[in-house]
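I opened my notebook to go through one protein model, entry by entry. Here is what I looked up.

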Amino acid sequence: MKSALYVWGGWDGHEPEQCKDIFVPILRDEGFDVDVSDALDAYLDPEKMASLDLIVQAWTMGTITREQEQGLLNAVQSGVGIAGWHGGLGDSFRQNTDYQFMVGGQWVAHPGGVIHYEVNIIDHDDPITAGLDDFEMESEQYYMHVDPSNEVLATTKFNGDHAPWIDGVVMPVAWKRMWGQGRVFYCSLGHVAKDFDVPQAREIVRRGMMWASR
């Protein structure tokens with residue numbers, strides 16, 4: 001049986017506990033033995049971390065100690081996969097650039113707050129997005145600083161309604177990448193739990209977790 005660690009916490013506005021109640025059952029249905037933790041000290045046990053196949057993190061706007069961060073980065077670099085969404089992975093530890101290097105991006109703005117926007121699938125062959133069509137979201141549209149080495153799977157296009165200087169900018173929404181031997185999956189959807197009522201949003205994250213797993 002594969003082993004996953006689901007770590008949740010940080011800012012309550014992103015509903016990390018409610019999202020746990022969505023994705024932990026999905027992982028278990030996929031055959032994972034899931035250890036759930038609401039503390040970053042879960043990253044401090046090197047033997048436990050090395051035994052994992054997958055880490056799913058939902059932790060926004062927190063702080064992480066040097067030792068906790070190193071435990072996480074070492075595990076992923078050694079081959080443990082990591083997956084996450086929205087601020088739970090892409091806006092977790094704003095002062096930690098090595099962590100951001102691993103994720104492949106960092107949130108910087110969501111112009112207009114909760115708005116209507118379109119997600120465009122750009123890789124129709126990748127197993128994470130194959131068979132999915134473009135879809136609409138009513139949520140935060142994440143503007144991010146992103147690593148050009150990411151393998152981008154889906155994008156969104158900004159208009160100039162809330163920030164005229166970004167009119168027409170195409171921004172990655174979902175990507176995958178490597179960090180050492182570990183697979184990294186990120187999706188910027190999922191501001192709150194109800195965003196995953198959109199079937200495509202939930203399915204992209206489900207498939208992304210499966211892909212990231214060792």
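**Ground rules.** I take helices (H or I, at least four residues) and strands (E, at least two) as DSSP runs, numbered from the N terminus. The model is predicted, so I note the limits: local features need pLDDT of at least 70, side-chain atom pairs count only at pLDDT 80 or more, and totals for chains, interfaces and linings use all residues. Residues are numbered from 1 along each chain as its sequence is written, and side-chain values use heavy atoms, with hydrogens and water left out.

**Entry: helix α6.** I looked up E203 and R206 in helix α6 (residues 199–212). They are 3 residues apart there, so about one helical turn separates them. Their side chains meet in a salt bridge, 2.7 Å from N to O. For a salt bridge I need a side-chain nitrogen of Lys or Arg within 4 Å of a carboxyl oxygen of Asp or Glu. E203 also forms a salt bridge with R207, with the closest N and O atoms 2.8 Å apart. This pair is 4 residues apart in helix α6, so again about one helical turn lies between E203 and R207. Shared partners join E30, E203, R206 and R207 into one network of salt bridges.

Next I checked burial. I call a residue buried under 20% relative accessible area, exposed over 50%, and partly exposed in between (1.4 Å probe, protein chains only). R207 has 18% relative accessibility, so R207 counts as buried. R206 has 21%, so R206 counts as partly exposed.

Entry: One of the salt bridges joins K176 and E151, whose closest N and O atoms are 4.0 Å apart. K176 is in strand β10 (residues 170–179) and E151 is in strand β9 (residues 151–157). The two are 25 residues apart, and the pair links distant parts of the chain. Is K176 buried or exposed? K176 counts as buried because its relative accessibility is 8%. E151 counts as partly exposed, at 39%.

**Entry: nonpolar cores.** A nonpolar core is a set of buried Ala, Val, Leu, Ile, Met, Phe, Trp, Tyr and Cys residues joined through side-chain atoms within 4.5 Å. The largest has 39 residues. Which residues have the most contacts inside it? They are Y6, W85 and F185. Apart from that core lies another, of 33 residues, including L72 and W179.

**Entry: backbone angles.** Most residues other than glycine have a negative phi. I found E15 with a positive phi of about 50°, although E15 is not a glycine. E15 is in the loop between β1 (2–10) and α1 (16–29). Its relative accessible area is 24%, so E15 is partly exposed. M61 is not a glycine either, and has a positive phi of about 55°. M61 sits in the loop between β3 (54–60) and α3 (66–78). With a relative accessible area of 40%, M61 is partly exposed.

**Entry: G87.** Where is G87? I found G87 in helix α4 (residues 86–90). Its relative accessible area is 0%, so G87 is buried. G87 and L189 are 102 residues apart along the chain, and their C-alpha atoms are separated by 9.0 Å.

**Last entry: D134.** I looked up D134 in the loop between β6 (114–121) and β7 (135–140). D134 counts as partly exposed because its relative accessibility is 38%.
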